[in-house]
Amino acid sequence: MSVILAVESSCDETSVAIVKNRNILSNIIASQIDLHKQYGGVVPELASRQHLEMVNPCIDKALTDSQLSWNDIDAIAGTVTPGLVGSLIVGVTAAKTLAMVHNKPFLGIHHLEGHIYASYLNDPDLEPPFLCLLVSGGHTSLIHVKASGVYENIGSTRDDAAGEAFDKVARLLGLPYPGGPIIDKLAKEGNREAFKLPEGRVSLPNNQGFHPYDSSFSGLKTAMLRLITKLKEENGDNLPIADLCASFQFTVAKALTKRAIRACLDLNLTKIAVGGGVAANSGLRQHLSQEADKHNLQVFFPPLTLCTDNAAMIACAACDHFNHHWRSPLSVGVVSRMNIEEIHKLYDIT
């Protein structure tokens with residue numbers, strides 16, 4: 001039963017957690033949303049400075065809440081990829097320093113793998129193989145989880161990620177950043193059938209049809225821009241905001257659900273785990289659950305607190321790898337991007 005302290009600082013949350021296998025002992029999250037809201041998105045330099053300010057208080061709070069000492073910690077983990085390089089450096093430097101000072105092994109964790117492990121924290125009996133629908137502000141992927149640390153990315157977005165599309169459409173509607181939560185809230189008051197919008201498809205070469213698993217949201221974003229412009233010309237600024245939010249959200253949910261279920265059936269899988277910030281979206285949760293039931297598929301959603309970036313999911317992934325005797329050299333560096341299929345490069349595997 002390994003105990004791991006992990007640091008997560010890939011974007012705009014500074015988080016430190018202590019996890020014992022699949023049980024959270026503490027999970028401290030310092031969000032930067034209020035800092036970046038005035039700019040309509042994350043400002044990398046500001047994010048790095050805020051991580052630098054918050055990482056030590058988060059470490060202290062995580063230890064206090066867990067009621068553990070450093071002697072109780074088996075290893076230290078940190079998110080090394082993907083993410084904003086400056087932000088990653090802050091968290092990884094703190095994690096490596098703790099590992100050296102306290103003579104603990106270090107594990108560098110892939111951020112997307114952390115989102116996969118968020119479902120393990122809520123459902124400890126979940127085991128591969130299963131499909132992970134990973135949807136966030138920076139990523140929209142369908143990942144075949146074959147075994148611990150063994151992944152195949154079978155579908156991705158070709159342009160905007162789902163969360164990014166929410167933010168951009170919110171901006172078109174004059175809504176605040178981040179766009180996902182406010183669109184979700186307003187969509188509950190609207191008619192999702194009010195406007196017909198394109199789901200977006202990715203063409204295969206040589207007129208071979210469309211890619212079954214890849215997503216595209218740029219066409220949907222453009223359709224929303226044209227629709228909003230048309231409605232403003234007809235009605236001025238008196239827009240049916242709730243109906244627009246509901247129609248947009250339902251279109252995204254349909255597109256993601258269709259691809260996830262098709263992939264699950266094609267691969268003869270029976271379980272879908274959903275991770276990332278957009279996993280908190282009520283429209284996606286409802287539609288995917290309803291459609292999965294029709295095919296006798298199980299769907300696993302993490303609790304809302306584990307959908308956004310957090311260190312508990314990073315620690316959970318590290319626990320699994322630590323138990324399999326994986327260790328990272330202290331020379332491992334941060335990388336802005338890395339395919340999840342290449343995580344073995346982060347470890348000295350024995």
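Reader: Where is Asn-21 in the fold?
Author: Asn-21 is in the loop between strand 2 (13–20) and strand 3 (23–31). Helices (H or I, at least four residues) and strands (E, at least two) are DSSP runs, numbered from the N terminus. Bear in mind that this is a predicted model: local features need pLDDT of at least 70, side-chain atom pairs count only at pLDDT 80 or more, and totals for chains, interfaces and linings use all residues. Residues are numbered from 1 along each chain as its sequence is written, and side-chain values use heavy atoms, with hydrogens and water left out.

Reader: What's the phi of Asn-21, then?
Author: Positive, about 55 degrees, although Asn-21 is not a glycine.

Reader: Is Asn-21 buried or exposed?
Author: Asn-21 is buried, at 18% relative accessible area. Buried means under 20% relative accessible area, exposed over 50%, and partly exposed in between (1.4 Å probe, protein chains only).

Reader: And His-325, what's its phi?
Author: Near 70 degrees, a positive value in a residue other than glycine. His-325 is in the loop between helix 10 (311–323) and strand 11 (326–327).

Reader: OK, helix 9. How far apart are its end C-alpha atoms?
Author: They are 19 Å apart, which agrees with the 18 Å that the 13 residues of helix 9 (residues 282–294) should span at 1.5 Å a residue. The expected span is 1.5 Å times one less than the number of residues.

Reader: Which residues of helix 9 are buried?
Author: Gly-283, Leu-284, His-287, Leu-288 and Ala-292. They cover an arc of only 140 degrees around the axis, so they sit on the same side of helix 9. The arc is that of the directions from the helix axis to the C-beta atoms.

Reader: What covers them?
Author: The cover includes strand 6 (130–135), helix 6 (179–187), helix 8 (241–266), strand 9 (271–275) and strand 10 (298–300).

Reader: What goes on at the start of helix 9?
Author: A side-chain oxygen of Asn-281 reaches to within 3.0 Å of the backbone nitrogen of Gly-283. After helix 9 comes Asn-296, with a positive phi near 55 degrees.

Reader: How many disulfides are there?
Author: A search of the whole structure finds 0 disulfides (pairs of cysteine sulfur atoms within 2.5 Å).

Reader: Last one: how many residues are in the largest nonpolar core?
Author: It has 64, and those with the most contacts inside it are Leu-5 and Ile-116. A nonpolar core is a set of buried Ala, Val, Leu, Ile, Met, Phe, Trp, Tyr and Cys residues joined through side-chain atoms within 4.5 Å. Helix 10 gives the most to this core, with 10 residues. Apart from it lies another core, of 49 residues, among them Val-135, Ala-253, Ile-261 and Cys-264.

How values were computed. Contact means heavy atoms within 4.5 Å. A polar contact is a pair of N or O atoms within 3.5 Å; within protein, one must be able to donate a hydrogen and the other to accept it, and residues adjacent in sequence count only if both atoms are side-chain atoms.
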